[in-house]
Amino acid sequence: MTTKQLQKKSIQYRKNILKYIFHANAGHTGGSLSCIDILNVLYNHVLNVSPENFTSPDRDRYIQSKGHSVEALFVVLADKGFFPESDLSTLCKYRSHYIGHPTRKVKGVEQNTGALGHGLPLSVGTALAAKMDKKDFRVFTLLGDGELPEGSNWEAALTASHYKLDNLCAIIDHNKLQITGTTAEVCNTNPIDKKFENFGWAVRHVDGHDLDALKKTFAEMPFEKGKPSLIIAHTVKGKGVSYMENVIKWHHGVPSEKQLEEAMSELNNVMVTIPDDF
Amino acid sequence: MGAEVITEKGKAKTNLDVFSGVLQELAEHDRNIVVVTSDSRGSGKLGPFGQKFPGQHIEVGIAEQNLVGVAAGLASCGKKVFAVSPACFLTARALEQIKNDVAYSNNSVKVIGISAGVSYGALGSTHHSLHDYAALRAINNIIVVAPADNFETEQAIKLAAQTNQPVYLRFGKRVMQPLKEINDDVFEFGKGRVITKGNDVAIIAAGETVYPAVQAANKLKEQGVSATVISMHTVKPLDTALLNIVAKKCKAILTVEEHSVYGGLGEACASYLLQNRIFKPFKIMGIPDEYTVTGSQQEIFDHYGLSEKGIAEQATLLL
């Protein structure tokens with residue numbers, strides 16, 4: 001898929017995230033908008049996973065540790081054909097499988113997540129299984145920067161390097177905000193790169209909204225043979241909607257009808273600036 | 001019961017020894033059997049397993065949350081994973097991982113709590129697991145099992161390896177004598193095992209307290225009191241059909257467990273009986289809600305009456 005096609009997808013995904021969060025009157029808006037470009041590149045460019053091969057033991061695995069940004073995952077899975085997009089109109093409704101965190105009841109979801117600090121240990125176990133069975137599939141997990149203080153992440157980081165899991169890639173959606181304030185104010189985990197390097201990981205920084213840069217970075221995995229890879233993706237919480245960008249209240253804020261119109265208009269205006277590929 | 005570990009074939013062993021032996025036996029024929037330890041291979045008697053099957057053993061160091069998360073990831077790829085750690089750490093520190101990564105995500109991990117209950121009696125409450133039945137009973141989609149003797153342990157491990165449902169198994173490290181001299185029982189999760197039959201009192205026990213319950217039944221017999229003893233090895237799902245039969249047949253019901261009197265086997269039985277209008281003299285024996293006394297497992301059992309004498313006395317009081 002060309003970068004222009006991916007750019008259009010990112011805008012459409014953003015519109016869908018907002019549409020379904022508005023409809024559900026619930027959701028984690030800011031974080032879904034910050035990680036959507038990463039998911040776009042993963043599902044449309046990197047991962048060997050599709051509705052057709054989802055039960056194959058050889059598929060790549062994607063485990064979303066920051067489960068609360070489930071709306072981003074759901075709109076991408078719908079676009080990939082795992083389920084009809086119209087299913088998302090039941091998001092967070094009574095007895096819907098499309099709840100506020102990933103569950104395996106939804107096709108395409110690998111693990112039930114939502115409590116933080118769980119994605120990395122699960123991914124380490126999955127990557128270990130691949131090594132044991134000499135399989136080539138790779139394991140990707142997306143962490144929020146706000147969940148880094150969870151100790152289980154660091155336990156798993158040790159195991160990943162101890163077992164030289166170079167088939168594992170963790171991506172940190174580094175939007176630098178969490179529900180209470182900036183990550184630096186709440187619990188300063190900087191320098192993240194040095195910490196992971198000291199834990200035996202190979203680390204890269206990338207602009208998490210630069211689709212070409214994301215493609216290039218993923219293509220270079222493993223960054224170092226015999227080491228797990230970490231991508232620190234620098235992102236903007238609420239990216240793509242001016243009034244949401246870097247504003248904490250949009251962590252799980254739901255737009256009003258007027259705000260939704262404003263956001264859609266802004267995204268539509270960007271969409272028309274991207275020429276079609278031929 | 002003595003403290004001597006007898007490991008010759010056919011002789012009584014610790015359930016821990018049975019566990020490690022059965023696991024090696026299974027791994028011989030199934031390369032998907034994987035053991036994950038948290039610096040617990042020594043405590044779990046899994047050193048030989050690790051040496052024999054290095055490709056089927058993952059060591060994560062002292063990190064129980066990671067132990068369970070990693071085990072769940074392995075299980076999601078079809079591995080038959082035994083996550084082995086002392087029950088006290090495994091079911092407290094890694095409770096959220098058991099709840100979410102194992103039970104809720106339905107990853108078929110066999111969570112193995114070693115040195116359970118007050119097996120580490122003298123080491124104090126940090127090392128006691130008297131909460132695990134209660135905590136895990138309240139979590140959907142995990143079978144909770146405390147095998148009593150070597151037979152039950154062997155069967156439980158083999159069954160756990162086959163089942164697709166998450167299982168929690170806990171046992172201690174003392175030599176467990178067989179509950180029956182001649183045993184042709186079929187072991188199933190969720191089906192209690194009738195050890196002795198009698199009409200006066202039903203003693204429903206689990207794990208390492210079943211043996212003193214049987215001793216108590218023998219003592220009661222000398223006094224003219226007949227007791228049914230059930231090894232209720234599966235604490236959840238509870239064998240309510242069997243409970244119903246023995247509760248109706250006997251004049252009184254006594255439960256015995258190496259667990260807090262809150263939230264365990266006893267309260268599970270009480271809940272069933274009360275909600276089904278079976279009103280009989282009833283007593284829960286276990287570890288009371290207090291700062292637990294320390295000493296050897298046997299000394300703690302004796303202190304709280306989880307012994308031949310204590311159980312027989314309580315049974316007599318109920319009648």
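In strand E2 of chain A, the bridge partner of Arg61(A) is Val139(A), and that pair is a handy way into this predicted model. E1(A) and E2(A) run parallel and are joined by 4 bridges. From there, the tour goes through chain A as a whole, over to the side of chain B that touches chain A, and on to the two domains assigned to chain B.

**Strand E2 of chain A and its partners**

- On the E3 side, Val139(A) stands opposite Leu168(A).
- E2(A) and strand E3 (residues 168–174) of chain A are also parallel, with 6 bridges joining them.
- How many residues of strand E2 (residues 139–144) of chain A are buried? The count is 6 of the 6, so the strand is largely enclosed by the rest of the structure.
- In a regular strand, side chains alternate between the two faces of the sheet.
- Both faces of E2(A) are covered. Val139(A), Thr141(A) and Leu143(A) are buried on one side, and Phe140(A), Leu142(A) and Gly144(A) are buried on the other.

**Chain A as a whole**

- Chain A holds 9 helices and 5 strands, and along the sequence they follow the pattern α-α-β-α-α-β-α-β-α-α-β-α-β-α.
- The radius of gyration of chain A is 18 Å, close to the 19 Å that the globule rule gives for 278 residues, so the chain is as compact as a globular protein of that length.
- Along its principal axes, the C-alpha trace of chain A spans about 50 × 45 × 45 Å.
- Of the 278 residues in chain A, 50% count as buried.
- Among contacts in chain A with a separation of 6 or more, 76% come from residues 24 or more positions apart.

**A closer look at Phe54(A)**

- Where does Phe54(A) sit? Its place is in the loop between helix H2 (29–46) and strand E1 (61–64) of chain A.
- Phe54(A) has 15 C-beta neighbours inside 10 Å and therefore counts as partly exposed; a buried residue would need 20 or more, and an exposed one 12 or fewer.
- Leaving aside residues up to four places away in sequence, Phe54(A) touches Val49(A), Arg59(A), Lys107(A) and Gly108(A).
- Phe54(A) and Phe82(A) are 28 residues apart in sequence, and their C-alpha atoms are 9.1 Å apart in space.

**Where chain B touches chain A**

- The contact between the chains brings together 23 residues of chain B and 20 residues of chain A.
- On the chain B side, helix H3 (64–76) and helix H5 (95–104) each supply at least two residues.
- Which element gives the largest share of that side? It is H3(B), with 9 residues.
- Sorted by class, the side of chain B that touches chain A has 9 nonpolar, 11 polar and 3 charged residues.

**The two domains of chain B**

- The domain assignment divides chain B into domain 1 (13–176) and domain 2 (193–318).
- The C-alpha centres of domain 1 and domain 2 of chain B lie 25 Å apart.
- The contact between these domains takes 26 residues from domain 1 of chain B and 26 residues from domain 2 of chain B.
- On the domain 1 side, the elements that give two or more residues are helix H6 (132–137), strand E6 (143–145) and helix H7 (150–162) of chain B.
- By class, this side of domain 1 has 14 nonpolar, 8 polar and 4 charged residues.

**A five-stranded sheet in chain B**

- Chain B has an open sheet of 5 strands with mixed pairing, in the order E9-E11-E10-E13-E14.
- Which strands of chain B form the edges? They are strand E9 (193–196) and strand E14 (282–287), each pairing on one side only.
- With direction ignored, neighbouring strands of this sheet are turned by 20 degrees against each other on average.
- E9(B) pairs with strand E11 (residues 227–231) of chain B in the antiparallel sense over 3 bridges, and in E11(B) the bridge partner of Val194(B) is Ile230(B).
- Helix H8 (residues 210–222) of chain B packs on the sheet and touches E9, strand E10 (201–205), E11 and strand E13 (252–260) of chain B. The direction of H8(B) makes about 170 degrees with that of E11(B).
- Helix H10 (residues 265–275) of chain B also packs on the sheet, touching E10, E13 and E14 of chain B. The direction of H10(B) makes about 145 degrees with that of E13(B).

Technical notes. Residues are numbered from 1 along each chain as its sequence is written. Chains are lettered from A and ligands numbered from 1 in the order in which they are written. This is a predicted model: local features need pLDDT of at least 70, side-chain atom pairs count only at pLDDT 80 or more; totals for chains, interfaces and linings use all residues. Two residues are in contact if their C-beta atoms, placed from the backbone, lie within 7 Å. Ala, Val, Leu, Ile, Met, Phe, Trp, Tyr, Cys and Pro count as nonpolar, Asp, Glu, Lys and Arg as charged, and the others, Gly among them, as polar. Domain bounds come from an automatic or database domain assignment. Two strands pair if DSSP finds at least two bridges between them. Axes are lines fitted to C-alpha atoms, for helices over the stretch in contact, and angles run from 0 to 180 degrees between N-to-C directions. The radius of gyration is taken over C-alpha atoms; the globule rule is 2.2 Å times the number of residues to the power 0.38.
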